[in-house]
Amino acid sequence: MKLELKSIKYSHFASHETYCFEGVIYLDGKPFAHVFNEGQGGSDSVHNHEKFKGDWFKKYKEVESYFASLPKTDVGLYDWAIDGFDQTLESWCHNQVTEYLTKKDLKRLLKRCIVAQVQEDNESRVVQWNKPKNKPDWLLKEHVKNKYPSATILNDISEPQALEIYRSI
């Protein structure tokens with residue numbers, strides 16, 4: 001079962017207790033459902049997609065069963081939820097929106113800044129420098145490399161690698 005959340009639209013100003021978003025869930029490469037949340041703390045709303053062929057409710061129950069069969073997440077991470085959390089379609093959607101927003105933030109940051117993971121005082125952290133106007137990026141990258149010889153410049157590595165480092169902050 002391959003699930004994807006596409007056509008994500010997110011509203012920061014309307015997101016209060018939950019993400020305010022809408023999107024389309026694709027199941028095995030085909031539109032399956034519309035999903036949205038109004039950002040006021042309620043659950044996600046999931047409705048059948050007009051292009052879905054077949055018994056939508058039956059397939060929806062299969063998707064829910066799939067998530068119910070997955071192991072719990074964050075087991076032992078919180079004192080108030082030692083047993084962890086059940087995986088659900090709603091939590092999956094939340095994770096997909098988080099991933100979408102993280103990628104969007106990183107892309108925006110990489111356009112306007114040089115971003116690097118540096119080691120300082122035996123601590124790894126991600127820092128950024130605004131790109132100078134009317135000067136080539138390589139000058140600032142050279143400055144960063146001279147100051148932090150073991151630095152990893154996120155602008156120069158693949159998106160999946162940069163995302164992994166960026167998520168660590």
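Which backbone oxygen does the side chain of S15 reach? Select S15 and S11 together: the side chain of S15 comes to 2.7 Å from the backbone oxygen of S11, a polar contact being a pair of N or O atoms within 3.5 Å, where within protein one must be able to donate a hydrogen and the other to accept it, and residues adjacent in sequence count only if both atoms are side-chain atoms.

What you have open is a predicted model, in which local features need pLDDT of at least 70 and side-chain atom pairs count only at pLDDT 80 or more, while totals for chains, interfaces and linings use all residues. Residues are numbered from 1 along each chain as its sequence is written, and side-chain values use heavy atoms, with hydrogens and water left out.

Staying with S15, you will find this residue in the loop between β1 (3–11) and β2 (20–27), helices (H or I, at least four residues) and strands (E, at least two) being DSSP runs numbered from the N terminus. S15 counts as buried because its relative accessibility is 18%, where buried means under 20% relative accessible area, exposed over 50%, and partly exposed in between (1.4 Å probe, protein chains only).

Next, select N122, in the loop between β5 (113–120) and β6 (123–130); its phi is near 55°, a positive value in a residue other than glycine, and N122 is exposed, with a relative accessible area of 82%.

Finish at N134, in the loop between β6 and α3 (137–147), where phi is again positive, at about 65°, although N134 is not a glycine; this residue counts as exposed at 83% relative accessibility.
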